[in-house]
Amino acid sequence: MKPSASTDELPTKQPIPPLARLIFMTRWLQLPLYLGLILAQCVYVFHFWVELSDLIGAVLGNPDSLQHILDAVAIPGAVKPSKLNETTIMLVVLGLIDVVMISNLLIMVIIGGYETFVSRMNLESHPDQPEWLSHVNASVLKVKLATAIIGISSIHLLKTFINAAAYDTKTLLAQTGIHIVFLFSAMAIAYSDRIMAQTAAISDSH
């Protein structure tokens, strides 16, 4: 019995040419880069615990820890703080938050970049899969990275404003201007991706 003419034939799988296969395999050259970022993540974790232990030690009266904290928050050319006060603690905590935000940025680059540019991780059934990873692509990754950079810049700008008296007007304006540039850059990236998504949706509808 002959099959019906309306039966859809399954598409045959075309073999990948050797040159194309070689070029596609070069994506694994990025693997050492992501492994290097994991090592950088370990350095940030170590730095975080060193700063946190010194802060706790300074609160408990350890003179070496106190000296390290005061040196860490000191601004070149300004009067160095001589004791642990609210401003000093705030600056140290902001530094810890800065480390955490940079660590979050590293996680997004490592996981999102590997998933997008190297190989699938097949985490769909994992209960701890990041929500943003379920729909990550190059465009989404760019927007999230730009947003993370704005957050890091905000922390640095806040630390500067807390010590505004120790900086000249030119420095304050420069840091504010750089932060504004980051804001507009993120908005431009998000707007460009929105236009591309709308264009793709219109093309699919036709």
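This is a predicted model: local features need pLDDT of at least 70, side-chain atom pairs count only at pLDDT 80 or more; totals for chains, interfaces and linings use all residues.
Colleague: How many helices and strands does the chain have?
Modeller: Helices (H or I, at least four residues) and strands (E, at least two) are DSSP runs, numbered from the N terminus. The elements run α-α-α-α-α-α from that end. The tally is six helices and zero strands.

Colleague: What percentage of the 206 residues is buried?
Modeller: Buried means under 20% relative accessible area, with exposed over 50% and partly exposed in between (1.4 Å probe, protein chains only). Of the 206 residues in the chain, the buried ones make up 24%.

Colleague: Which residues form the largest nonpolar core?
Modeller: A nonpolar core is a set of buried Ala, Val, Leu, Ile, Met, Phe, Trp, Tyr and Cys residues joined through side-chain atoms within 4.5 Å. The largest one has six residues: Leu 55, Ala 58, Ile 69, Val 73, Leu 91 and Val 92.

Colleague: And which helices each supply at least two residues of this core?
Modeller: Take the core's six residues, Ile 69 and Val 73 among them. The helices that each supply at least two are α2 (31–59), α3 (63–73) and α4 (86–117).

Colleague: Which helix gives the most to the lining of the largest pocket?
Modeller: On a 1 Å grid over the protein atoms alone, a pocket is an open set of points where a 1.4 Å probe fits, with protein on both sides within 12 Å along at least five of seven lines; lining residues have an atom within 4 Å of a point. This lining has 16 residues, and Ala 72, Val 73, Leu 91, Gly 95 and Lys 159 lie nearest the pocket's centre. α2, α3, α4 and α5 (138–162) each supply at least two. With four residues, the top contributor is α4.

Colleague: How much space lies in the second largest pocket?
Modeller: Grid points are joined across faces, edges and corners, and a volume is the space filled by probe spheres set on the points. The second largest pocket is lined by 13 residues, including Val 73, Ile 75 and Asn 163. Its volume is about 170 Å³.

How values were computed: Residues are numbered from 1 along each chain as its sequence is written. Side-chain values use heavy atoms; hydrogens and water are left out.
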